[in-house]
Amino acid sequence: MQTITTLQDLRQARQNLPEPLGLVPTMGYLHEGHLSLVRVARRECASVVVSIFVNPTQFGPQEDLERYPRDLPRDLTLLEAEGVDVVWTPTPQIMYPEGYQTWVTVEQIAAPLEGAMRPGHFRGVATVVAKLFNAVQPQRAYFGQKDAQQALVIRRLVADLNFPIQVVVCPTVREADGLAMSSRNVYLSAQERGQALALYRCLELARRLIVDEGMRDAAAVRGHLEEFLGRAPGVQLDYVSLSHPDTLEEVERIDGPVLVLLAARVGPARLIDNALIVP
């Protein structure tokens, strides 16, 4: 496994990698969710590149850029065990050199939910992903369903800018008790870790209401979910959304698959989760 920092070294290494090439973009501090993406890429591709870059432009001024967890030696050990060919670890100076002023903005699908809660977040995501795609030139790129809106933003980016890349979105990986794996889970105390399970239980409630009880009024379902999370100890709700799975437009009536998206704060961590529910 090669570990590369400079863009020049990456381009040189890229010339010798057999295709198809799969890219797994990460911010490091890897967990089983990341590794599941690497394994799918390894199965489907002749070469696998993983990028590790804590992207400063997708963090707001009051967010956790400085304390975002990092452990590069551990990450490299995990990736070597998975048979990764190249790990690219660019610096902020490489990605955003002095005088940098070019940005990629995805509009409608990036506007609600995380886009509304975190202004500028998806501009940072879309820009860094476009730069990663240009640098690595993959045929496939792998992302997790836990970041459902991000995956839709990237699909839109690839379609609109004619990147010759297949975006592969893999299922959310969960702990045994249902908590979605996230690098930010490390922020949680033992008590907060238990409180965070309210998000998964809320998704289970949504499934019961829609599938088992046959509720079709999205506003009524949303009200039940907001009430559930509003009563959950230690949980500060940001939003509950019942959206069309392709457009993220809020639905009024549940006549087909619906994407239920949640965001909440538990202790020092801001957590997101989602589930696609088919009535």
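1. Aromatic pairs. The structure, a predicted model, holds 6 aromatic pairs. One of them joins tyrosine 100 and tryptophan 103 edge-to-face, with 5.3 Å from centre to centre and 80° between the planes. Rings of Phe, Tyr and Trp (its six-membered ring) pair if their centres lie within 6.5 Å; planes under 30 degrees apart count as stacked, over 60 as edge-to-face and the rest as tilted. Tyrosine 100 is partly exposed, at a relative accessible area of 24%, and tryptophan 103 is partly exposed at 30%. Buried here means under 20% relative accessible area, exposed over 50%, and partly exposed in between (1.4 Å probe, protein chains only).

2. A pair between a helix and a loop. Phenylalanine 133 and phenylalanine 163 also form an edge-to-face pair, at 5.5 Å centre to centre and 75° between the planes. Phenylalanine 133 lies in helix α6 (residues 121-136) and phenylalanine 163 in the loop between α7 (148-160) and β6 (166-170), so the pair ties together parts that are 30 residues apart in sequence. Phenylalanine 133 is buried, with a relative accessible area of 1%, and phenylalanine 163 counts as buried at 16%. Helices (H or I, at least four residues) and strands (E, at least two) are DSSP runs, numbered from the N terminus.

3. Ring cluster and charges over rings. Phe53, Tyr96, Tyr100 and Trp103 are linked into a cluster by ring pairs. Arginine 123 lies over the face of tryptophan 103, at 4.0 Å from the ring centre. The charged end of arginine 67 sits over the ring of tyrosine 187, 4.4 Å from its centre. The criterion is that NZ of Lys or CZ of Arg is within 6 Å of the ring centre and within 35 degrees of the ring normal.

4. Nonpolar cores. The largest nonpolar core has 44 residues, and Trp88, Val129 and Phe133 have the most contacts inside it. Two or more residues each come from α1 (7-14), β2 (21-26), β4 (86-88), α6, β5 (140-144), α7 and β8 (258-266). Helix α6 gives the most to this core, with 10 residues. Another core, of 38 residues, lies apart from it and includes Tyr68, Ala196, Leu197 and Leu199. Such a core is a set of buried Ala, Val, Leu, Ile, Met, Phe, Trp, Tyr and Cys residues joined through side-chain atoms within 4.5 Å. In soluble globular proteins, nonpolar side chains tend to be buried together.

5. The parallel sheet. An open sheet is formed by 6 strands in the order β1-β4-β3-β2-β5-β6, with parallel pairing. Its edge strands are β1 (2-4) and β6, each of which pairs on one side only. On average, neighbouring strands of this sheet are turned by 25° against each other, direction ignored. Strand β3 (residues 47-52) runs parallel to β4 and is joined to β4 by 3 bridges; two strands pair if DSSP finds at least two bridges between them. Serine 51 stands opposite tryptophan 88 in β4.

6. Helix α3 (residues 72-81) lies across β1, β3 and β4 and runs at about 170° to β3. Contact means heavy atoms within 4.5 Å. Axes are lines fitted to C-alpha atoms, for helices over the stretch in contact, and angles run from 0 to 180 degrees between N-to-C directions.

7. The antiparallel sheet. A sheet of 3 strands is open, with the order β7-β8-β9 and antiparallel pairing. Strands β7 (235-243) and β9 (269-277) are the edges, each pairing on one side only. The twist averages 15° from one strand to the next. Between β8 and β9, antiparallel pairing extends over 9 bridges, and valine 260 stands opposite alanine 275 in β9. Helix α9 (residues 197-212) lies across β7, β8 and β9, running at about 20° to β9.

8. Proline 18. This residue lies in the loop between α1 and β2 and is partly exposed, with a relative accessible area of 44%. Not counting residues up to four places away in sequence, proline 18 touches Ala46 and Ser47. Proline 18 and serine 47 are 29 residues apart in sequence and 5.9 Å apart in space, C-alpha to C-alpha.

9. Basis of the values. Residues are numbered from 1 along each chain as its sequence is written, and side-chain values use heavy atoms, with hydrogens and water left out. In this predicted model, local features need pLDDT of at least 70 and side-chain atom pairs count only at pLDDT 80 or more, whereas totals for chains, interfaces and linings use all residues.
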